[in-house]
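Reader: I am new to this structure and would like to go through it slowly. Could you show it to me before I ask anything?

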Amino acid sequence: MPSVPNSPFHIRSRFSRWRHQRTASPDEQGDNARNELVEINYNRDGWVRTIRATDMKFQWTRLDERGEVDESTRFDPERSAYVLKLDYLDDNDRMRQGKISLVAPEKGVVDSKVNNADGTDLVDYADIVAAQMKSYEEKIQWFQDTCAQLRVECNEGHMRMNIRRDCFLSDSMEAVMSLTRKDLRKVWKFDFIGEACMKEAESAREWLEVVTQEMFDPDVGLWATSEANPMCMHINPASEITCPEDHLAYFRFIGRVMGKAMF
């Protein structure tokens, strides 16, 4: 396995405890600068989540018995590992296509920041480190406050969807999957065709309840009840047969609905 570069500006994560040790920049200390160490709560079988200094992205790094970066390039069947990497092939909002491959950990990187709509940083790695040390209730509040910064205000527009009761799931899927990324951050309003108008909060609540019930209905064919635990469900491997029209788009639609519910 390729070795992990030992950068003079290295951020390491460990499970045991958290600490922040500030050091001078590489320009101040030269090539022999000490590492800046930020330990966060990621650890799995000797592998720790680190920040790659070249682009500030998360990657997995292997540590030796002393807790230092293991730079050995020799393959070890007991300690070497690979990670799944997803490369998107296009930027289609309705159905993005991608390729999954097994790669060495330093090549399976993940962004350590979230951008605002204007491209500026909303959350960076330091925010993630700080959030990790919060209590569960504080994490929920932090997540909600962060999402609030991404919402589009009502005075900038909203999305109104017309839903037929007898085509509830398909109409909802087509409406939601036609939205752009900015539309997803707007307020959603619903009209049920042929029915009297409801208050916006009531119609949104009813839409979410009904669409959730229908999307997880085993008779629809997208999900199946677990044989081991009747209270659990898993993706139906035969969904393409039982729901041949856009079955993959329905799963992407479910992801959007779940994201909106948390947003």
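Author: The questions and answers below move from the whole protein to some of its parts.

Reader: What kind of model is this, and how many helices and strands are there in the protein?

Author: This is a predicted model, which should be kept in mind throughout the answers. Buried residues make up 33% of the 263 residues in the protein, and among contacts between residues at least 6 apart in sequence, 56% join residues at least 24 apart. As for the elements, the protein has 8 helices and 15 strands.

Reader: Is strand E5 mostly covered or mostly open, and how many of its residues are buried?

Author: Strand E5 covers residues 47-52, and 6 bridges join E5 to strand E6, residues 57-62, with the two strands running antiparallel. E5 is mostly covered, and the number of its 6 residues that are buried is 5.

Reader: Which residue of E6 is the bridge partner of Trp-47, and which residue in the turn of the hairpin has a positive phi?

Author: The bridge partner of Trp-47 in E6 is Arg-62. E5 and E6 form a hairpin with 4 residues between them, and the residue in that turn with a positive phi, of about 60°, is Met-56.

Reader: Which residues lie closest to the centre of the largest pocket?

Author: The largest pocket holds about 1400 Å³ of space. It is lined by 37 residues, and those closest to its centre are Tyr-88, Arg-96, Val-114, Arg-181 and Arg-252.

Reader: Which element gives the most to the lining of the largest pocket, and how do the lining residues divide by class?

Author: Several elements each supply at least two residues of this lining, including E6, strand E7 (83-88), helix H3 (136-148) and helix H8 (247-262). With 6 residues, H8 gives the most. By class, the lining of the largest pocket divides into 19 nonpolar, 6 polar and 12 charged residues.

Reader: What is the volume of the second largest pocket, and which element gives the most to its lining?

Author: The second largest pocket has a volume of about 290 Å³. Among its 15 lining residues, Trp-188, Phe-190, Ala-204, Lys-260 and Ala-261 are the closest to the centre, and the elements that give two or more residues to the lining are strand E13 (187-192), helix H6 (200-215) and H8. By class, this lining has 10 nonpolar, no polar and 5 charged residues. The element that gives the most, with 4 residues, is H6.

Reader: How far does H8 reach from its first C-alpha to its last, and which elements cover its buried residues?

Author: H8 has 16 residues, for which 22 Å is expected at 1.5 Å a residue, and its reach is close to that, at 23 Å. Its buried residues are His-247, Ala-249, Tyr-250, Phe-251, Phe-253, Ile-254, Arg-256 and Val-257. What covers them includes helix H4 (168-177), H5, H6, strand E14 (223-225), strand E15 (233-235) and helix H7 (239-242).

Reader: Where is Ser-226 placed, and why does Ser-226 count as buried?

Author: The place of Ser-226 is in the loop between E14 and E15. Not counting residues up to four places away in sequence, Ser-226 touches Cys-232, Met-233 and His-234, while Asn-236, 10 residues apart from Ser-226 in sequence, is 9.8 Å apart in space, C-alpha to C-alpha. A residue is called buried when its relative accessible area is under 20%, so Ser-226 counts as buried because its own value is 17%.

Conventions: Residues are numbered from 1 along each chain as its sequence is written. This is a predicted model: local features need pLDDT of at least 70, side-chain atom pairs count only at pLDDT 80 or more; totals for chains, interfaces and linings use all residues. Side-chain values use heavy atoms; hydrogens and water are left out. Buried means under 20% relative accessible area, exposed over 50%, partly exposed in between (1.4 Å probe, protein chains only). Two strands pair if DSSP finds at least two bridges between them. On a 1 Å grid over the protein atoms alone, a cavity is a set of points where a 1.4 Å probe fits but cannot get out, and a pocket is an open set with protein on both sides within 12 Å along at least five of seven lines; lining residues have an atom within 4 Å of a point. Grid points are joined across faces, edges and corners, and a volume is the space filled by probe spheres set on the points. Ala, Val, Leu, Ile, Met, Phe, Trp, Tyr, Cys and Pro count as nonpolar, Asp, Glu, Lys and Arg as charged, and the others, Gly among them, as polar. The expected span of a helix is 1.5 Å times one less than its number of residues. Contact means heavy atoms within 4.5 Å.
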